[in-house]
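Please read the following account alongside the sequence and the coordinates. It takes up a helix pair, a pocket and a few individual residues in turn.

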Amino acid sequence: MKANTKGRLFRRFTAVTIIAVYLLIAVGGIVRTTGSGMGCPDWPKCFGSWVPPTDVTQLPNDYKDIYVQQRVEKNVRFAKYLSALGFDDLANQVQNDPDIREEEEFNAAKTWTEYVNRLIGAVIGLLIFGTAVLSIRYWKEDKPITVLSFIAFVLVGFQGWIGSIVVSTNLLEWMITIHMLLALVIVCLLIYVYYRSKDKADTYSSARLGSLKWLTLICMILSLVQVVLGTQVREAIDIISASLERSEWISNLGITFYIHRSYSLLLLALHIYLLWKLMKEGIRKSELVAPTRWLLAIVIVEIVSGAVMAYFGVPAFIQPIHLLLGSVIIGVQFYLWLLLRNKELKLA
């Protein structure tokens with residue numbers, strides 16, 4: 001197989017893997033929206049089996065006590081790790097959180113929703129492993145591609161462990177945030193190896209893009225802050241949803257929601273300015289403009305989806321879309337930043 005053919009295979013496989021990771025993020029949003037995160041009270045198995053039950057009669061009468069005890073034991077070990085790293089307060093929170101000792105009633109729909117999420121996660125792991133194997137061909141000519149591909153695979157395993165901690169801590173809020181941010185790190189690693197493997201021989205130098213590189217980086221950092229704010233809003237919804245009707249959620253979310261909502265307008269303005277700067281520089285036909293236009297379009301749709309949630313009682317079907325779009329924004333920003341960072345792009 002010729003080198004360029006192998007390169008195309010690697011890029012196509014990596015692109016499919018990136019799309020699959022985003023699919024998993026969307027499915028994770030569905031799991032969160034439907035309250036299925038504890039559909040399987042253990043990990044990696046589900047109710048002690050590789051194929052979960054479909055009815056509560058398939059479980060022992062004391063199944064709640066069994067899985068609560070398993071979680072408590074796992075959290076004791078996790079708390080020791082946190083203490084060893086100097087996070088004593090977090091360790092105490094993990095060990096003393098009363099919610100950890102609460103076990104949900106068996107619900108077949110929630111169990112299978114979470115189980116499908118895990119199956120898709122396993123497929124993603126295989127795809128990232130395939131990416132790592134295919135990247136070996138770059139070892140002699142571009143070692144970072146191979147190294148970062150294998151790091152992405154290792155992080156998938158770590159992400160699985162974090163997922164198990166999310167379950168054992170009964171969806172502890174800050175663990176969910178870490179789980180989400182790590183998924184974005186994996187996506188960006190895959191985007192980077194995809195970008196690095198591209199043939200850039202036909203491009204030529206431009207010294208006019210430095211300020212746009214920094215503007216894009218600022219947009220990406222601010223968008224990450226927005227993602228964290230969004231997870232905090234989601235955590236607040238999880239708390240109040242148990243006692244309030246859906247129509248009352250927004251009015252009881254507090255200041256974090258209003259910051260999250262207003263902050264989106266700042267991000268919109270920055271992305272409009274970024275596209276305007278590109279057009280002002282006469283960069284109309286380069287590979288920079290298409291991702292920037294897509295980025296602005298996604299930001300607008302993301303804001304619209306947020307407005308729909310705010311004014312229509314947080315419809316369940318919008319929540320995973322909102323989460324997915326926020327993740328896609330980070331990925332497109334990162335890819336655009338890589339293009340600008342290259343400083344060898346066609347201007348017309």
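This is a predicted model: local features need pLDDT of at least 70, side-chain atom pairs count only at pLDDT 80 or more; totals for chains, interfaces and linings use all residues.

Are helix 5 and helix 6 roughly parallel or roughly antiparallel to each other? Helix 5, residues 143-168, packs against helix 6 at an angle of about 165°. Angles over 145 degrees count as roughly antiparallel, and helix 5 and helix 6 are therefore roughly antiparallel to each other. Their axes lie 9 Å apart, and the crossing is left-handed. Sorted by class, the residues in the contact of helix 5 with helix 6 are 22 nonpolar, four polar and one charged.

Helix 6, which spans 173-196, also takes part in the lining of the second largest pocket, where it supplies at least two residues. Helix 1 (3-33), helix 9 (289-311) and helix 10 (318-342) each do likewise. The space in this pocket comes to about 400 Å³. The pocket is lined by 13 residues, and those closest to its centre are Ile18, Tyr22, Ile191, Val332 and Tyr335. By class, the lining of the second largest pocket is made up of 12 nonpolar residues and one polar residue, with no charged residues.

Valine 314 is found in the loop between helix 9 and helix 10. The phi angle of valine 314 is near 55°, a positive value in a residue other than glycine. Is valine 314 buried or exposed? Its relative accessibility is 1%, so valine 314 counts as buried, the cut-off being under 20%.

Valine 304 belongs to helix 9. Because its relative accessibility is 48%, valine 304 counts as partly exposed; that class runs between the 20% limit for buried and the 50% limit for exposed. The C-alpha atom of valine 304 is separated by 9.2 Å from that of histidine 322, and the two residues are 18 residues apart along the chain.

One more residue with a positive phi remains, in another loop. Phenylalanine 47 sits in the loop between helix 1 and helix 2, the latter being residues 63-84. Its phi is near 55°, a positive value in a residue other than glycine. With a relative accessible area of 9%, phenylalanine 47 is buried.

Note on methods:
Residues are numbered from 1 along each chain as its sequence is written. Side-chain values use heavy atoms; hydrogens and water are left out. On a 1 Å grid over the protein atoms alone, a cavity is a set of points where a 1.4 Å probe fits but cannot get out, and a pocket is an open set with protein on both sides within 12 Å along at least five of seven lines; lining residues have an atom within 4 Å of a point. Grid points are joined across faces, edges and corners, and a volume is the space filled by probe spheres set on the points. Helices (H or I, at least four residues) and strands (E, at least two) are DSSP runs, numbered from the N terminus. Ala, Val, Leu, Ile, Met, Phe, Trp, Tyr, Cys and Pro count as nonpolar, Asp, Glu, Lys and Arg as charged, and the others, Gly among them, as polar. Buried means under 20% relative accessible area, exposed over 50%, partly exposed in between (1.4 Å probe, protein chains only). Axes are lines fitted to C-alpha atoms, for helices over the stretch in contact, and angles run from 0 to 180 degrees between N-to-C directions. Angles under 35 degrees count as roughly parallel, over 145 as roughly antiparallel, 65 to 115 as roughly perpendicular and the rest as oblique. A crossing is left-handed if the near helix is turned anticlockwise from the far one by less than a right angle, and right-handed if clockwise.
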